[in-house]
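This report describes a protein model in plain terms. Please look at the sequence and the structure before reading on.

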Amino acid sequence: MPEIKVTPLGAGQDVGRSCILVSIAGKNVMLDCGMHMGYNDDRRFPDFSYITQNGRLTDFLDCVIISHFHLDHCGALPYFSEMVGYDGPIYMTHPTKAICPILLEDYRKITVDKKGETNFFTSQMIKDCMKKVVAVHLHQTIQVDDELEIKAYYAGHVLGAAMFQIKVGSESVVYTGDYNMTPDRHLGAAWIDKCRPDLLISESTYATTIRDSKRCRERDFLKKVHESVERGGKVLIPVFALGRVVFATPGMLHAGQSLQIFRKWAGNEKNMVIMPGYCVQGTVGHKILSGQRKLEMEGRQILEVKMQVEYMSFSAHADAKGIMQLIRQAEPRSVLLVHGEAKKMEFLKQKIEQEFHVNCYMPANGETTTLFTSPNIPVDISLGLLKRESAIGLVPDSKKPKLMHGTLIMKDNSFRLVSPEQALKELGLGEHQLRFTCRVHIQDPRKEHEMVLRVYNHLKGVLKDYSVQHLPDGSIMVESILIQATAQSEDQGTKVLLVSWTYQDEELGSYLTSLLKKGLPQTTA
Amino acid sequence: MWREPWGGRLSSPPVPGAKARTAGLRGACGSAKKTRCIMDRECSQLLPSVCAVLADSRQLVADDTFLEKFLDWFKTLTETESSLLLLQENPCLTELITCVLKLKDPSSSTLSFILRLTGIFAASESCFQYLQQRELLISLFGEVGPLSSALWEEASVRSGWVQGVHSMVQHQSALHFLCSCGAIEVIFTLQGDPSLFVASAANQLLVHMLTFSLQSFQTKPENIKDCDWPICAQKLIVHIEESLKSNSASRIKQSLKLLTSVFGCCHDLWTEVLWSRLSEPIVYLLEEEPVHAGHSLVDLFLSMARSPVFSCPECSLWTSVTCALEHLNPAQVGRLAVGVLKLQECPQAVKIQALSVLLQPMDCVLKAASQPLEYPGLLNRSVNDSATVETLLSCRSSCASLLCQTLTHLEELQYLTCLPVDLPHIPLLQSVVTILQFCIGLATPASCLGNKISRILIGCFRVQRSALDILGALSHWESPSVFIGSVFDILLAYLKSPDTSPTVLKKSFQATLKWLVSLSEAPSSKDHWQQTEQFLQDLFLVLQKRLCSPYWEVRDSALEFLTLLVKHLREKEGFRQVLFSSEVPKLTEDLLEDPESYVRASAVTAMGQLSFLTHLISKKPGVENGNVKEKSIVAQLKEILSTDSEGFPRRAVISVFIDWLREGHPDVLKDTEQFVSSVLQAVNSDLDWEVKAGGLELAEVFSAQLLGRLGLAACPYAAVLSSATRSTHLSESLQIFCQVKLFEFLFGALCDCDRPVAQKACDILIALKAELCDESSLKEGTSAGLSTEARGIAWLEETLRRWSSCAKPCPRGDADEAGSQDPNGVLLVLRTVDLEGLHRSLNRSSDHIEKSPQSLLQDILATVGTLEENEADCY
């Protein structure tokens, strides 16, 4: 039975290091190749050894697809292609390809500069990796090979973010990456057509949250800024450099400009810092968000944080409503949740199963979800056959399934349904007819031809609407059914009738047989 | 419920008096002889509260990285100090384990954490006994523990259990415990776990248990019999044997994988006994039709073949390998064949067979492409059934992958220093060229199979890439002209074809480079050079076109190729002529203004190489404009260095300048000081740390060259200068350093906020200080008014500010005495700044405070209660 297998190496019941392996109709695709912000060692990248145990990477994987440029979705890519040794195609949208190297360079800089690591990917590796990338346009169908095709859809979230449909024959999977179902000031909402995939793999960061409108959040944000400025204070807004508004970077206050300003302003209670996103453990951003007020800085200095600390989420992920909306749009046959916390996923999973009556899965990292598919097989129909059907008077309706009869020709990897006559003609075959013949014993001592005449009269009387003929050779034809008196029986008082019909006249043939089995009427005797 | 009993403990954290208690304990258990790297006071004070948080089921620790890092810390602690002391001094740890065990509904992550933590402690035998006495081990790892709870469904809990057990198995007591509590059977089950991670960890655990339990056997090899082996090892071997004989494909694969790891990591003699017991069922697997566990068998044989235990030619392993080479599917057998050919110790007959297996698909391709008897083919006789290979090649789904694998394996062989068997490289080259012809639609196959292969391969990028890789690798063999001609033809076809994808084009360039370099270096290069020059003319025509490609990837690869070509062939007169008669140099210069910064950077590097040649050309009579041109290149590169808005081109310029300085580029030699001074000035204001690091390297090269020129370099063989001469030379060099504002640049870099810049500047300054400040003559000159107090960065920044404010209003030269150009002032600063102290602090990573255990503990505590407010809101 055909199956689709999904194994997350990252993003299975967690957030960060997105990397999902999908096997569909014998093709293997890696969805995203991200890194984990929380680690500085091997754990920051997905464990690719689980792929390499299947032989050479490039032989095993048919392609890698990157949904957008955030590092938790693409940060391991140069490592994977230039150090682990994947040499096959990589797909992403044009904006992602343009911005990705900037973020990767930044990541390399932080790692090499700040942490002093030497065994890390180099600038040349990032460039070589980006040269292997094939950039795609939205809604453009890309043929990866003869059988595997992919197509990108708009995902909102950040510039260039895309959802990808992966299709082999009639089986398909849609991977959302990160997406946003509500438009904001510079990006629109995600959109996908009713592609009815076998599986929709959706992010679920906000699986249980229904968020207030962006407008409210913007109003709150401005209010806080105004209040602080009116008090004579200053406002620091550390942000992620790419994809959102730029104030001062980096967003987690772990180095650079934003941290320097923070040090200067932290001591004044009139000032305020507004953290607009998530901060990794170990960063100053994380510490002040979790309420720490005395921070140890370099050189054993203690920095006392008197300024106000606020947290405002402007993140561009779909909330629970948005996820349900996307499922409604795409109408998948099953759903698989990634990129979220287990408990929240569990809640959303139940909701999806209840509302859409489809199976919903949430594998942990390393766990494989297998789902069986019943792929549709597309068949071309000959025009002649279609015309014949419409001549019968059935008005075609594209939305309703319709039953067609014909002969299926399977030749040169294609399927065609044609009329039986055309099939015979095309294949140069002669027609053979299959007839069913049944013996019926009739008690009648009279001579054979008299008995036949009696049968003829009887049938003519009973089957008034049918053509019943007595042929010169002594046999009887009822429509296409032939009745003959034959071979003597040992018993003189018993005659044998052979009733023969084609399978098309099965019904009439059976009826005649049962009629004759009842015997001839006594009155005529 | 939890916090109450803890209250008392929390109020009495370890106090200074604890030292005496510690000493007493150490004496009592006698196991802590190492120098202790004790958990510091602050951490031990924070630990009870952190444990209380972890044990409270109402508190969520949402970020798993906390727990992972917490475990990392305990691993480091138990490696450096006694685990038992750690537990005894921090009773909160044992309480934590007990308390989590009592929780009705612990979270899966907390339970998993506890299992792993306990395993880490139980790795020490004394600590194991301590935990055993409190019945904690049986409660966690025995049948009544998490094993029988609903949480066992969670992969993270099973994973924690396996990792806990793995850490624990460091002593025989742990093995006895696991054998007696039924844990081994659980591990057997976990080998087939639905989670890849758990299954793999369980398999590794069994490997560890088997090798650990047999460790003691290595001392008496002659007595090794598996019937005498420890109970644990016997149990494992029976399990492996049963699995191998079972009909379950997954169980067979698990056991083969396990054995692969055992033979891979352990080369003790008992492994031979193990093989003699298991070889029969393994060989039986090879005789099945078809062989199911092909990949796993290949892994097993390769891991055994690499072990010295099995290297003897009479070993039964080689019979099995021969059998595998015969029976395995061509798609599986390639890896085994190439692995065998790489071995040092292996019977020659097996190697010959392995090579035949690898060559067979190539032989089929060659025969399919040619008229009967046109080529002799690669093989005298077929090793395997060639019909199988032909079937795979004629099928769309298998053809490309079989060829890619074969080509890659054959390429690997080309890099072996000595190939143990004769490789028919000419027919191999022909077959590779044939495949490349198939892929681009240039072959006209004569056979039915050839037609099929041709239809499948046309436009297949995967095969094109692999074939071009091996084509390049085959360049190191001597080939007759006629074959070189066919190589050039196919390379040109790929380089010219508009259908060639950017990645394939890059491979074509790489292969072309390898052939050209090889041909230019070969002893018979003169014979081929005319042919090569003709090729070069065609090549440059293609290159011109590729440099104008609309795709930046193509322009960039073309420039990278050009750079390497010039680097390797610049000594060849013919090459230079062809190059300069083409439009390539002009187009390269134009690309200095490419909209794509990657391309601009590559153009800079290419121009850097080309300028060496332009200079050679300009020396010749009749070439007059070379010098003018050359000047403009230096100026252009300097302009890029000071104005380009992106980092890559600026980094490329500084690398070119370093090369020029090192190699003595004529334009640099004209006025080296002026050149260095102007470059350092441009770099000084650059915001990119790598440009700055490049500037520092330039400064380092310059100072080493200058000191060397004046006989001051630290060379053990150099003639020793008299102290008077040395002193004069030192003053002279110091004067020059000051003129080019070297110290101003170095001191500025020392204050840089990018750590690698400051670190490198510090290294250079320390080296210069050793050179310049040890001289008593210089000391005397600078001793007046010198404070001996070592100064830090703040003082240095102030000094630099003073220098620059002195320099500003005055025209160049007037500020010498007051500022950075005054040698005495510079020496004063050099001696005053605490370079050694800075060096120490710069060697620490800049996030060392945030990475510290205190910071981690504080973060865990601080997160309590704030999780709901600050939802995970990643990117």
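The sections below cover the basis of the report, one chain on its own, and an interface.

## Basis

This is a predicted model, in which local features need pLDDT of at least 70 and side-chain atom pairs count only at pLDDT 80 or more, while totals for chains, interfaces and linings use all residues. Residues are numbered from 1 along each chain as its sequence is written, chains are lettered from A and ligands numbered from 1 in the order in which they are written, and side-chain values use heavy atoms, leaving out hydrogens and water.

## Chain A

Chain A has 15 helices and 27 strands (DSSP runs: H or I of at least four residues for helices, E of at least two for strands). With a radius of gyration of 37 Å, well over the 24 Å that the globule rule gives for 525 residues, chain A is more spread out than a compact globule. The radius is taken over C-alpha atoms, and the rule is 2.2 Å times the number of residues to the power 0.38.

The C-alpha trace of chain A spans about 125 × 50 × 40 Å along its principal axes.

## Interface of chains B and A

In chain B, 61 residues are in contact with 76 residues of chain A (heavy atoms within 4.5 Å).

The rule finds 16 salt bridges across this interface (a side-chain nitrogen of Lys or Arg within 4 Å of a carboxyl oxygen of Asp or Glu). In one salt bridge, the side chain of Glu560(B) meets that of Lys127(A) at 3.0 Å, N to O.
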